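Q: Could you take me through how contacts, burial and ring pairs are read from a model, with a case for each?

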Amino acid sequence: MNPHVADSHGLIRVHGARENNLKDVSIEIPKRRLTVFTGVSGSGKSSLVFSTIAAESQRMINETYSTFVQGLMPTLARPEVDVLEGLTTAIIVDQQRMGADPRSTVGTATDTNALLRILFSRLGEPHIGSPQAFSFNIPTVRASGAITVERGNRKAEKATFTRIGGMCTGCEGRGTVSDLDLTQLYDDSKSLAEGAFTIPGWKSDNFWTVRVYAESGFVDANKPIRDFTKREMQDFLYKEPVKVKVDGVNLTYEGLIPKIQKSFLSKDREAMQPHIRAFVDRAVTFTTCPECDGTRISEAARSSKIGGINIADACSMQISDLAEWVRGLDEPSVAPLLGKLLHTLNSFVEIGLGYLSLDRPAGTLSGGESQRTKMIRHLGSSLTDVTYVFDEPTTGLHPHDIRQMNDLLLRLRDKGNTVLVVEHEPETIAIADHIVDLGPGAGTAGGTVCFEGTVEGLRTGGTITGRHFDDRTPIKETVRKPKGTLEIRGANRHNLQNVDVDIPLGVLCVVTGVAGSGKSSLLHGSIPASAGVVSVDQAPIRGSRRSNPATYTGLLEPIRKAFAKANGVKPALFSANSEGACPNCNGVGVIFTDLGMMAGVSTTCEECEGKRFDASVLDYHLGGRDISEVLAMSVTEAERFFGEGEARTPAAHAILERLADVGLGYLSLGQPLTTLSGGERQRLKLATQMAEKGGVYVLDEPTTGLHLADVEQLLGLLDRLVESGKSVIVIEHNQAVMAHADWIIDLGPGAGHDGGRIVFEGTPADLAADRSTLTGEHLAAYAGA
C-alpha cells in the first residue's frame, strides 16, 4: 500500500543558510530522530541550530498571534536563509543564565513556589489568607478613603482595602540587608575642599558630584567632616533630594547614602567595572535579615504550618526530601495540586537536581544547572512532534550523570519528537541517530558542513571531530611535587560538612565530584580572601554589540594611545564610543529602524560603510593601517602587526599573546561580544584574568564549550601556567583534564546532603587504581585501565 502523502514530510530542509559565519549551508535533518551538531567552538553550530532553524520556527509561531499580542512580544527578524521547509514547533533549552535578580529563586523560576503557596493557603493552620500571603515578592498593602460609585444617584462611600502579602518588611523579600561602611566613602579627617571623598570617580573638581556637596550651603566645605555639627551630618548623609544652584546651574542635592545606593547598589554586581566592583565589595556588607532570618517571608506566613512545616522550611529543604514530604500528604481536597507539585519535584530528582532547594537564588546556578532547570517543565509533557533544541546539555555534568541525560534525550525522541543537540561530549555524540559536523575551523575558517551521517561514518570521515573522537589523554605517571599548601579548615558553606583539606600549590590540582557535591562551595566559597586567588568562574560576560574583544580585554587602550602618539592627536578620536564615532550611526556601524510589532531592520550605515568611525579619523594611520583596519584584523594577524616594525606596541602585544594562548587566534578584534559562542566567551575571560597579579588561579570548568581538539591546547596552557610558577586549581568533569592532573581532590559520594565530604585525595593513577569512587570508576574506564 502506498504511504499517505502526509507521511512524506520526514525532513527539515535548510537551503542557503548564511547567518553569522555560515557559508550557504544546505542540509536535510531527519525528523523524529536525535541529531547532534558537532565542530570546533566557533564553527557555526549555534548559528545553524539556534539562529536559523529555532529562530525561524519561533518567528513563524509568533506570526500566528494577533498584531496586538505581537507588539508585546520580542520581535524576531527572518534569518539569512533561502529556504526552510518542514519546520515544527521549536522548544529551546539553552544555556542562558537565569536572571540574577535577587528576588528570583529556583522555586519562582520553575513555578514550583506558586504551587506551594496555593497548598499552604488551603491547608496551612492557622489560615492567614490567599496564596499572595505566602509570596515574598508581594508586600502587604492597606488603604482607606472615599470611593464614588457611578450608579443611579451618585453616592460617596467609605471603603477600606487590605491585601495581605508575604514579603518580610525588614529586607523587602531579599533575605539580606545591606549596610554601608562610611570609612570607605570618605576620609573624615579632611574637608570636602581637601578631597575627602574616596569613592571611584569622585575627584575634588567633579562638578556634578563633589561640588554639589561643597557649594550646596548645607555643609561647611572647609571644615573636616568629623567636625560637622549634628545637623550638617544629617544633611550630608541622609537629606532628601532638593534643588540647589551651583555656578548658576540648577542641580539636585541628595544625601550621600541614598545617592550611593542609587548609583552603585541598584546595579548588578557582575555588570560593574572591576574597580567599581572592588569598591562595592569593600564598602557594602550584606548580612542576613534579622527579622526573617534570611527566609524572605513575613512572620505571619511563617506561622502557618502543615504538619509542623511552614513554607520557609519547605523551600529550604533539599528537593528530594521535599518530594518525600509532599508524597506523605494525603488530602483528597487538593489531590490535583499535590499530583502536579509531586510531578515537578520528581522531575528535579530525575534530571539530577534533587540536591537543590527551592530558595536557592537563580543567579547562583551554573550554566548546566540553569539548562537542566529549564528542562523541568518539558519532562513528562504530552506534546509530540515538537523540535527540542539543546545547547550542550552535558555542561557541568559528571560522567556518571551524563548517562542520565542521554536517557532523557532518547526518551524525548522516542515520544516522536525531533531532538537537535549542539554537543562536544563523545558519550552524547555516540547515541546520535544522525550527525552534522561543521567546520573545518572556527570563525571565517568555519561555516561549512564537513560531514553528515552516522557515528561510524564520523569516526572514519577524516574531519577534526572524527580524528579526535577516540582521543584518550594518558594518565600522568610522573607528577610534579607541590611547593606548599593552601589550607582550608572547617568549610561548611552550603552542603560542605566541616571539610579540612590541604590544596597543594605549584601543581595542577583538579577538584572533581558529581554535580552538587560541593566543589564550587569549597573553592569559591571557602578559600580565605588573603590567599591572592584569581578566580575565573562561569558567570557570563555582559556586553552590548558595542563591546568586542578589544574593549573587553583592555587591548583598545594601548592601541588608541599608539595611534594618538603616531599622529599627534588625542586618543579619544580612536574610540567608536567617543569622539571618533561616525555622527550618522553614533559608532554602531548600522542604522536600526523600528517597525513596531514587525521585526526591526538594521542596514549598514552609508556614511561610514559599517566602519563605525568618522571619515576624518580614518586619515590617521599606524604602520600603514587605519583604526578600522586594525579592528578588522584577527588576533594572530594583530599579534604580528603589533610585535614588530613601526606599529610595535608591547602592551598590546602582551594581551594579544594571551588571546592566542587560549586558542582565540581566529577572532577579529572588533567582533561584537554578542556574536561569540559560550566557549569563546569563557576563554576570552580566561585570557583577561591571566593578566591579574596572583599566584593561584581557580578555573571553573574551563573545558565548557571546547571541542575535543581544543582540550589538548587547554592542557598545554595549564601546563605553561604551572611551569611559570603559578598554582592552578581546576573544577572539572572532563576526564582528559583529570588524567593530566598532578593531584585530584574528589568530593562526594553523592550530591546535596549526600555529598560535601572529601572521598579521595591523591594522584590520578591512584584514583583510577582505587576505583572506590564514581569518579575513579569512570576515570579507569576512560583510560582503559
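Q: Which residues does T553 touch, not counting residues up to four places away in sequence?
A: Contact means heavy atoms within 4.5 Å, and on that basis T553 touches I655, L659, L684 and T688. The model is predicted, so local features need pLDDT of at least 70 and side-chain atom pairs count only at pLDDT 80 or more, while totals for chains, interfaces and linings use all residues. Residues are numbered from 1 along each chain as its sequence is written, and side-chain values use heavy atoms, with hydrogens and water left out.

Q: Is T553 buried or exposed?
A: Buried means under 20% relative accessible area, exposed over 50%, and partly exposed in between, with a 1.4 Å probe and protein chains only; T553 counts as buried because its relative accessibility is 13%.

Q: How is a pair of aromatic rings described?
A: The description rests on the distance of the centres and the angle of the planes. Rings of Phe, Tyr and Trp (its six-membered ring) pair if their centres lie within 6.5 Å, and planes under 30 degrees apart count as stacked, over 60 as edge-to-face and the rest as tilted. A search of the whole structure finds 15 aromatic pairs. One of them, Y388 with F390, is stacked, at 6.4 Å centre to centre and 15° between the planes, and both Y388 and F390 are buried. The pair of F641 and F642 is edge-to-face, with 5.0 Å between centres and 85° between the planes.

Q: Why do F641 and F642 count as buried?
A: F641 counts as buried because its relative accessibility is 14%, and F642 because its relative accessible area is 1%.
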